[in-house]
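Dear colleague,

Please find below the structure that I am handing over to you. My findings follow it.

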Amino acid sequence: MEKLIITAAICGAEVLKEHNPAVPYTVEECVREARSAYDAGASIIHLHVRYDDGTPTQDKARFKVIIDAIREACPDVIIQPSTGGAVGMTDDERLQPTELHPEMATLDCGTLNFGGDEVFMNTENTIRYFGQRMIELGIKPELEVFDKSMIEMALRMHKKGFIKAPMHFDFVMGVNGGIGGDIRDFVFLRHSIPSDATYTVAGIGRYEFPLAVCAIVDGGHVRVGFEDNVYLSKGVLAKSNGELVGKVVRLAKEFGREIATPDEARQILGLKARV
């Protein structure tokens, strides 16, 4: 099996310090959490950014400050900005971090009910627009899929030339409005992607570690972090993103998977080698 790529989604756009006091908002807090994850074994930092009061933003300048600070603390880590942003943001607002020319960025492949009246909008034209932008800028998209239909959309976009192969998927499982987080659901998604594609699994809440085990055993990759889950175990808040990554490292060791370094992750994902 390939070595295991661990992604740390360190803060998200919705989770708050009220949920876990260690959730980062400020530049210094983001660096602290990125470094804790990196030191524990993460090779990718999936990045949303906030203002100091916790308000989510896609502001390019804010992304640059935080990316530069993380890069100084973790020179070789892969930083993967989110283009999801937060519910209600425009397409161009969400795309701002791509102007910083990251190696990777997320590309959401469908619309999702997020609970109550919140709808995370990703029309077919939005997906085309984001895909074309990433091709133009040389950014590898991580294809965020919350349901099987979003895999079908990604495959159609690939056939039409808006997403390049080999594709890399992120199965986000257990979100309200999306696919569940059972092993049956994982198997369904896993066997719905092309044979040359890679994938990461991001289980939400209580699904995080059971789905991590599925991916470890199957040869896939794993995402953990405060964006998805703030608990190390039932009722026990994680003290850092590094604690969540460390738990995946221990699980991987039990099943004989070695952990990929950032440069090894680049090779697996087909990214350019670091200069």
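How far is the sulfur of C74 from the closest cysteine sulfur? The distance is 12 Å, to the sulfur of C30, which is too far for a bond. A search of the whole structure finds zero disulfides, a disulfide being a pair of cysteine sulfur atoms within 2.5 Å. C30 is likewise in no disulfide, and the nearest cysteine sulfur to its own, that of C11, is 4.9 Å away. C74 has 0% relative accessibility and therefore counts as buried (buried means under 20% relative accessible area, exposed over 50%, partly exposed in between, with a 1.4 Å probe and protein chains only). C30 is also buried, with a relative accessible area of 0%.

The model is a predicted one, in which local features need pLDDT of at least 70 and side-chain atom pairs count only at pLDDT 80 or more, while totals for chains, interfaces and linings use all residues. Residues are numbered from 1 along each chain as its sequence is written, and side-chain values use heavy atoms, with hydrogens and water left out.

Eight strands form an open sheet with parallel pairing, in the order β5-β2-β1-β12-β11-β10-β9-β6. Helices (H or I, at least four residues) and strands (E, at least two) are DSSP runs, numbered from the N terminus, and two strands pair if DSSP finds at least two bridges between them. The edge strands, β5 (78–81) and β6 (104–108), each pair on one side only. Strand β2 (residues 44–47) is joined to β5 by four bridges, and I45 has I79 as its bridge partner in β5.

Helix α9 covers residues 262–269, of which P262, A265, R266, I268 and L269 are buried. These buried residues fall within an arc of 165° seen down the axis, so they line one face of the helix; the arc is that of the directions from the helix axis to the C-beta atoms. Just after α9, G270 takes a positive phi of about 75°.

Leaving aside neighbours within four places in sequence, A265 is in contact (heavy atoms within 4.5 Å) with I5, S43, I78 and A260. A265 and S43 are 222 residues apart in sequence, yet 6.8 Å apart in space, C-alpha to C-alpha.

The largest nonpolar core has 78 residues, among which L47, F169 and F171 touch the most other members. Such a core is a set of buried Ala, Val, Leu, Ile, Met, Phe, Trp, Tyr and Cys residues joined through side-chain atoms within 4.5 Å.

Yours sincerely
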